[in-house]
Amino acid sequence: MSKLIKEDIDKFFIGQFKAFESSLNGESKKPLHAKRKQAIDNFKELGFPHAKHEEYKYSNVAKMFGKLFNVGNLSDDSFSLSLDEASKYFIPELDAIRLVFVNGVLDNKLSDMETLPKGVHIQAIKTAADDYAEDFEKHFNTHEIEGADNFSELNTAFTNGGVFVKIDANAVVETPIACYYFNDAKNADVISQPRNLVIAKKNSQASLIESYVTLGENTSFTNAVTEIVMEDDCVFNYYKYQNESDQAIQVGATMVHQLGKSVFNGVTLSLNGAMLRNNLNTAIHKEHSETNMYGLYLLDRKTHVDNHTVVDHKVPNCESNEMYKGILDGQSRGVFNGKIFVRQDAQKTNAFQSNRNVVLSDDAEVDTKPQLEIWADDVQCSHGATVGQLDVDQLFYLRARGIDKHTAKSMLLNAFASDVLSNIKIEAFRTLIEGKINERL
């Protein structure tokens, strides 16, 4: 059965690529399409990842896809979204550069790019291949990175939606870029594959928020890729927020290339969805760089969230800090697989990784696998994972002071989550997440 599903899915996407290719007309002769064709050839070799792939043994996306997805057209131009409907999902009180995507494609009417701050360049990725040819050719899908899988190849093959973002050298952009991804599944199932390329030039600072929502009762499948390229002395803050529908299947890859001495801060927040798979892969190429990765998954019902992370220390004198926390209730399932590579030349590396989970239900499940692979000898590295229930002594302490059981549990869980939430530097966004968590708890 699983093999049949996999073969059917492979044939479907290969067939869709042929139709997609024929619709490109003269564009098929441009350099971007050569990368698309190479990617679909790579996809054909291994096909759609399934449970026999070691990295997907706990998250059989192929099974979910085959069971839930009524495979039809890859896209449907009849889908539309009004600004009034979309604005209900915007982050309240947030002053941001707003980019709105409908089924993976940038919607200029719903976006707000009329007055971009100085030093910020944004446009649809398919036109950036021409308008920013030098940067695009240098950085789009050119940097190898540990942790990339065949979903990324599939996304590259269908590159057409998404955006290109360039932050000029010395630009300090205080206004965050907020990307709102809407899957319109009100009338039919939908597939979206947004592809973004972000280039932060020397001595720049910027923040990017990605928020995902599926509208309607039908199934959506999102396969998203965001590449972030960082040059010397830049600071980049990245936030990913998932509060999807119960029918949403999502695979997302964020690939961070720290080509220069830089600081990357990433926060991943997962609240709901049928199956959410987050690949956050970072490669450190320059000494004295810093990488910080935080995650919080607050799950109930049958939500399945899988966080796979990679930090690849290629050079000496760098530091990485990683902390992921999970709160699981109902029949939810959380998966964490974090890998840290310390290459032979990466002496004086400091790398720390932690995954902690609180399970509130007998039916919830956690699979955690922190990993270190170290080839250098002068390093400080540690990793650890815990799975448990609320601390009985702490709960008793609060109850003994007149706090009811429900409030006491909520206080402890909020305190547990606060270590992650404190790393959200955008006040309006942090307020939204804190409110969502308080509602849930």
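View 1. With a relative accessible area of 8%, Gln193 counts as buried (under 20% relative accessible area; over 50% is exposed and anything in between is partly exposed, using a 1.4 Å probe and protein chains only). This is a predicted model, in which local features need pLDDT of at least 70 and side-chain atom pairs count only at pLDDT 80 or more, while totals for chains, interfaces and linings use all residues. Residues are numbered from 1 along each chain as its sequence is written, and side-chain values use heavy atoms, with hydrogens and water left out. Gln193 sits in the loop between strand S6 (190–192) and strand S7 (195–200); strands (E, at least two residues) and helices (H or I, at least four) are DSSP runs numbered from the N terminus. Setting aside neighbours within four places in sequence, Gln193 is in contact with Phe13, Leu154, Asn155, Phe158 and Asn223, where contact means heavy atoms within 4.5 Å. With Asn223 there is also a side chain to side chain polar contact of 2.8 Å. A polar contact is a pair of N or O atoms within 3.5 Å; within protein, one must be able to donate a hydrogen and the other to accept it, and residues adjacent in sequence count only if both atoms are side-chain atoms.

**View 2. Arg343 is a partly exposed loop residue.** Look for Arg343 in the loop between strand S17 (333–342) and strand S18 (350–359). Its relative accessible area is 23%, so Arg343 is partly exposed. Not counting residues up to four places away in sequence, Arg343 touches Glu146, Asp312, His313, Lys314, Trp375 and Ala376. The side chains of Arg343 and Glu146 are joined by a polar contact of 3.3 Å.

**View 3. Val263 belongs to strand S12 (residues 262–272).** Val263 is partly exposed, because its relative accessible area is 23%. Beyond residues up to four places away in sequence, Val263 touches Met230, Cys234, Val235, Phe236, Gln258, Glu290 and Asn292. Ala415 is 152 residues from Val263 along the chain, and their C-alpha atoms are separated by 27 Å.

**View 4. The largest cavity holds about 60 Å³ of space.** A cavity is a set of points, on a 1 Å grid over the protein atoms alone, where a 1.4 Å probe fits but cannot get out; lining residues have an atom within 4 Å of a point. Grid points are joined across faces, edges and corners, and a volume is the space filled by probe spheres set on the points. There are three cavities of 30 Å³ or more by this rule. Around the largest one you will find Glu54, Glu55, Tyr56, Lys57, Tyr58, Asp306, His308, Asn337 and Lys369. This lining has five charged, two polar and two nonpolar residues. Here Ala, Val, Leu, Ile, Met, Phe, Trp, Tyr, Cys and Pro count as nonpolar, Asp, Glu, Lys and Arg as charged, and the others, Gly among them, as polar.

**View 5. The second largest cavity holds about 50 Å³ of space.** Its lining consists of Gly104, Tyr181, Phe182, Asn183, Ser192, Pro194, Tyr212, Val213, Thr222 and Glu244. Strand S5 (177–184) and strand S8 (205–215) each supply at least two of the lining residues, and the largest share, three residues, comes from S5. By class, the lining has five nonpolar, four polar and one charged residues.

Note on methods
On a 1 Å grid over the protein atoms alone, a cavity is a set of points where a 1.4 Å probe fits but cannot get out, and a pocket is an open set with protein on both sides within 12 Å along at least five of seven lines; lining residues have an atom within 4 Å of a point.
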